[in-house]
Amino acid sequence: MRLARAVHGGVLKRHFGTTAMSAASEPLILPFPSGAKGMPTDAVVRFRHRLNDTGLFTDEALARLIDEQPRDRFDVLTMRRNPPGGERWTAGEAGGLSGAEILQAVKTGALWVSCRKAMELHPRYKPAFRQAMAEYSAEVGQPILSASASILISGPQMGIFFHADAADTMLWHMRGTKTMLVYPATDDFISERAMEAILLKETLSDAPYEEAMDAHAERVVFQPGDAAAWPLHGPHRVINGDSLNVSVSVEYTTPRSARTNGAFYTKGWLRRRVGLDLGASRGTPEALQSILWATSKPLRLVERGRKTVEKRHPRCFDVDLDAPDCVSWREGYGPAAFALAAE
Ligand SMILES: [Fe+2]
């Protein structure tokens with residue numbers, strides 16, 4: 001799960017109420033277009049933001065952030081350029097390099113780095129994150145029960161493989177161009193059992209992918225200042241354009257997604273652990289969802305000691321500004337380390 005969390009980060013418990021607006025004079029999240037109000041339920045909701053105006057995402061600011069980011073929350077990854085939709089990344093390290101050097105390597109190499117949870121934990125970034133989440137909460141008309149966000153810095157033609165996230169997710173794009181394909185959150189694209197397994201941490205967030213699925217995906221092109229939120233559990237994948245990409249990936253929970261996930265978790269747990277089938281997790285009536293959500297809390301405690309898929313991935317390369325693609329493979333590894341997700 002460490003690498004899965006490189007995409008969206010973990011979830012920090014915190015309440016972003018609809019009335020908790022910041023004292024800042026300029027909004028960071030611009031008012032949604034009329035007709036796009038409310039949470040994304042069936043389709044992607046696109047909107048604009050002004051986070052670039054904070055100066056927190058310039059080369060200088062990012063180099064300083066990388067220097068200050070704790071190494072246990074800093075992921076360094078490589079992948080093939082324009083990777084197939086289901087191909088995973090491979091983890092490495094960037095020891096001994098400054099933030100400016102790492103940023104330079106990402107710009108020119110085949111690299112992708114993530115400052116996990118930097119938005120909610122770093123003191124320079126936290127105020128902007130709290131303000132933007134309060135404004136988002138007001139736009140969608142939902143309290144945000146918890147939220148976490150990572151800063152993703154990725155090179156030309158890098159990508160994120162096909163996967164589905166357990167929480168509500170959205171992307172605030174800062175620099176470069178990228179295209180996201182968002183697929184329907186239905187059994188044809190991510191089965192109910194697969195989603196239960198992700199929530200129960202039996203599998204990582206990746207899922208089986210076939211190229212034919214792309215015909216049914218909504219394509220979202222992100223330019224600087226663009227943002228989008230998509231329906232809960234909607235699988236997605238990303239391909240970068242030809243220059244450095246900088247984005248903030250946000251994972252958050254609303255009362256609605258907490259109830260929905262509670263139903264998936266409890267029904268999935270009962271099916272697996274005691275052989276009790278309460279029927280489909282999708283489409284559980286709201287009243288029953290609330291009961292199942294309450295039930296999921298003690299079950300999560302029971303599960304705490306169980307072995308999950310969370311693990312430390314092997315470090316297969318070092319970042320090297322003089323190596324091809326700025327990737328110096330460690331002994332025993334090479335491009336063959338790239339693996340298809342969900343195998
Ligand atoms: Fe994601």
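Biologist: What covers the buried residues of H2?

Modeller: This is a predicted model, and in it the buried residues of H2 are Leu62, Leu65 and Ile66. Seen down the axis of H2, these buried residues fall within an arc of 100 degrees, so they line one face of the helix. The cover over them includes H3, S5, H4, S6 and strand S13 (245–253).

Biologist: Which exposed residues does the face of H2 turned away from its buried side carry?

Modeller: The buried side of H2 is the one with Leu62, Leu65 and Ile66. On the face turned away from that side, the exposed residues are Glu60 and Asp67.

Biologist: Which elements do the buried residues of H3 pack against?

Modeller: Helix H3, residues 99–108, has Gly99, Ile102, Leu103, Ala105 and Val106 as its buried residues. They line one face of the helix, because their directions seen down the axis of H3 fall within an arc of 160 degrees. The elements against which they pack are H2, strand S5 (111–115), strand S6 (144–154) and strand S14 (317–319).

Biologist: Leaving aside neighbours within four places in sequence, with which residues is Ile102 in contact?

Modeller: Ile102 is one of the buried residues of H3. Once the neighbours within four places in sequence are left aside, the contacts of Ile102 are Ile66, Ala94, Leu97, Val113 and Val319.

Biologist: At what angle do helix H6 and helix H7 pack?

Modeller: The contact between these helices is made by Met195, Glu196 and Leu199 of H6 and by Asn261, Phe264, Tyr265 and Gly268 of H7. Helix H6 covers residues 192–199 and helix H7 covers residues 255–274, and their axes are 9 Å apart. Angles from 65 to 115 degrees count as roughly perpendicular, and H6 is therefore roughly perpendicular to H7. The angle itself is about 95 degrees.

Biologist: What phi does Lys117 have, and what phi does His233 have?

Modeller: Most residues other than glycine have a negative phi. Lys117 lies in the loop between S5 and helix H4 (118–121) and counts as buried, with 23 C-beta neighbours inside 10 Å. His233 has its place in the loop between strand S11 (226–230) and strand S12 (236–240), and with 26 C-beta neighbours inside 10 Å it also counts as buried. Neither residue is a glycine, yet the phi of Lys117 is positive at about 65 degrees, and that of His233 is positive at about 70 degrees.

Biologist: Which residues does Arg330 touch, not counting residues up to four places away in sequence?

Modeller: Arg330 lies in the segment after strand S15 (327–329), and it is partly exposed, with 14 other C-beta atoms within 10 Å. Its C-alpha atom is 5.5 Å from that of Cys316, a residue 14 places away in sequence. With residues up to four places away not counted, Arg330 touches Cys316, Phe317 and Asp318.

Biologist: What distance separates the C-alpha atoms of Asp318 and Val76?

Modeller: Asp318 is found in strand S14 and is partly exposed, with 18 other C-beta atoms within 10 Å. Its contacts, leaving aside neighbours within four places in sequence, are Gly92, Glu93, Gly95, Ser328 and Arg330. Along the chain Asp318 and Val76 are 242 residues apart, while their C-alpha atoms are separated by 9.0 Å.

Notes: Residues numbered from 1 in each chain as written. Predicted model: local features only at pLDDT ≥ 70, side-chain atom pairs only at ≥ 80, totals over all residues. Contact = placed C-beta atoms within 7 Å. Buried ≥ 20, exposed ≤ 12 C-beta atoms within 10 Å, placed from the backbone. Helix = DSSP H or I, 4+ residues; strand = E, 2+ residues; numbered from the N terminus. Arc of directions from axis to C-beta. Axes fitted to C-alpha atoms, helices over the stretch in contact; angles between N-to-C directions. Parallel < 35°, antiparallel > 145°, perpendicular 65-115°, else oblique.
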